[in-house]
Amino acid sequence: MGARGQMSAAKKPEEQKTPIQRAPHTKPPFTLSQLKKAIPPHCFQRSLLHSFSYVVYDLSLAFLFCYIATSYFHLLPHPLSYLAWPIYWALQGCILTGVWVIAHECGHHAFSDYQWVDDMVGLTLHSALLVPYFSWKISHRRHHSNTGSLDRDEVFVPKPKSKMPWFSKYFNNPPGRVLTLFITLTLGWPLYLALNVSGRPYDRFACHYDPYGPIYSNRERRQIFVSDAGVFAATYVLYCAAMAKGLAWLVFIYGMPLLIVNGFLVLITYLQHTHPALPHYDSSEWDWLRGALATADRDYGMLNKVFHNITDTHVAHHLFSTMPHYHAMEATKAIKPILGEYYQFDGTPFYKAMWREAKECLYVEPDEGAPNKGVFWYQHKL
C-alpha cells in the first residue's frame, strides 16, 4: 500500500506489501465548494442524448448476447455448450450490471435535466432487473446523506465488537469466509431488499417492498406502491416467458445473468465502503464531508468501462452525485490534487481485495488511548 491507503496497480510487489496506512479522519483543509470550483463546469452538464446512448449501447449488447445464445447454442457440439453457457452468463451479467448502474444514475437525477425522464428510465430498467426503483432510490439517497455514520448510514454499516453475533468466531477462518462470501454475493441483495440484512437497524421490521415500513415517510408511500407495481409487472412478464419457453430456459437466459448482476452489485458496494484504511464515525464526530470521503475507488480492470466507472470514480460520485458518469473520470482527476491524502484508491485486483477485506474488516472499534473516541476503525481479530 502507498501513503494513506492509496495503491497503484503499477507498483512493484514489494511496495504493495507495505502495511496499510489509515486515511485522515480530521476535518479536511478544503471545502466542497473548493472541490467543485476545481472541476471543469461542463462536467456537471447532463446530456439526454449522451446518456441515452449508453442505454442503447448496453441493451443492444444484451439483446445480441441473448439472440446468439437462443439461436446458436443448441447447434453446438454437446461438450461445447457446457462452456458456451457460462461465458454467456458472465458476459450478460457484466453488461446488465452496466444497465443497473445507469438506472442507479437515474435515481441520482444524473441522467438528464428532466426528473420525470430520469424516473421513467430508472423505473423501467430497475424493474426489469427486479429492483424496486423508488424504494431503493429513497434509501440510497439516505445512504449518500449519511455515509460513514455508524448511527444513520443505510447499508454495509459495520458493527462494533460488542454487537457481533455469537457465531462470528466460527466463521473467522478460510472455509467460513468462503461460505460467508458465497451467501453475501448470491443472497445479499435480495435479503437486503426484503429483510434489510446488513442495513441500518430500525425499531421494527424494515422492508423495501413495504410502503408503510419505517424506511419511508408518509409522503413517500405512493412511490413505493409504484415501485412494487414495476417489480410485479416484470415478474409477470418473466412468468409468461417461463410458461411459454420453460423454467429452464428462463433460468439460463435471465436467472443466471441476474445472479451475476446481484453479486457484482453487492461486491462493488462492499469494496467501496469496506477497507482497512477507512474510518467510520459516531454522531459525536461525523460530518457530511468526512463521511463522503470515507469511501474508496477500486480497480476492476476492463470492467471499469463496462460498469460505467462507478468502480473507480466513487469518491467523486459521493461528493457530486448528480454528475453524469461520463464526466466522472475527468472530475476525479481534477480534484485529486486538492484531496491529497483524503483520496483513497486501491488498485488491488477486486477478487484479492474481496478476500482481504473479508479477512481483515470484521468489526469496528475506536483505538485505545486515542483522543477521538468517536472515530472507529476496522479490526480483524475476534
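Pro 79 counts as exposed, because its relative accessibility is 61% and the cut-off for exposed is over 50%. That value comes from a predicted model.

Where does Pro 79 sit? It is found in helix 4. Compare its position with that of Gly 246. In sequence, Pro 79 and Gly 246 are 167 residues apart. In space, their C-alpha atoms are 22 Å apart.

Now follow helix 4 itself. It covers residues 78-107, which makes 30 residues. From its first C-alpha to its last, helix 4 reaches 44 Å. That is close to the 44 Å expected at 1.5 Å a residue. Is helix 4 mostly covered or mostly exposed? It is mostly covered, with 21 of its 30 residues buried. Exposed Pro 79 is therefore not one of those buried residues. Just after helix 4 comes His 109, with a positive phi of about 60 degrees.

Next, look inside. How many cavities of 30 Å³ or more does the structure hold? There are three. The largest cavity has a volume of about 120 Å³. Its lining is made of 16 residues. Of these, Glu 105, Ile 310, His 317, Met 323 and His 325 lie nearest the centre of the cavity.

Helix 4 returns here. Both helix 4 and helix 12 (314-319) supply at least two residues of this lining. Helix 4 gives the most, with three residues.

Which residues line it? Among them are Ala 23, Pro 24, Pro 279, Tyr 281, Arg 290 and Leu 293. Ala 294, Tyr 342 and Gln 344 also belong to the lining. By class, this second lining has seven nonpolar residues, one polar and one charged.

A pocket comes next. The second largest pocket has a volume of about 580 Å³. It is lined by 20 residues. Phe 63, Leu 96, Ala 128, Leu 238 and Tyr 254 lie nearest its centre. Helix 3 (48-72), helix 4, helix 5 (115-128), helix 8 (221-245) and helix 9 (247-273) each supply at least two lining residues. Which helix gives the most? Helix 8 does, with five residues. The class count for this pocket is 19 nonpolar residues, one polar and no charged.

Three of them form an open sheet in the order 1-5-4, with antiparallel pairing. Strand 1 (280-281) and strand 4 (363-365) stand at the edges. Each has a single partner strand, so one side of each is left without a neighbour in the sheet. Strand 5 covers residues 375-379. Two bridges join strand 1 to strand 5, and the two run antiparallel. What is the bridge partner of His 280 in strand 5? It is Phe 376.

Methods: Residues numbered from 1 in each chain as written. Predicted model: local features only at pLDDT ≥ 70, side-chain atom pairs only at ≥ 80, totals over all residues. Heavy atoms only, no water. Helix = DSSP H or I, 4+ residues; strand = E, 2+ residues; numbered from the N terminus. Expected span 1.5 Å × (residues − 1). Buried < 20%, exposed > 50% of the residue type's maximum accessible area, 1.4 Å probe, protein only. 1 Å grid on protein atoms, 1.4 Å probe; cavity = no way out; pocket = protein on both sides within 12 Å on 5 of 7 lines; lining within 4 Å. Points joined across faces, edges and corners; volume = space filled by probe spheres on them. Nonpolar A, V, L, I, M, F, W, Y, C, P; charged D, E, K, R; others polar. Pairing = 2+ DSSP bridges.
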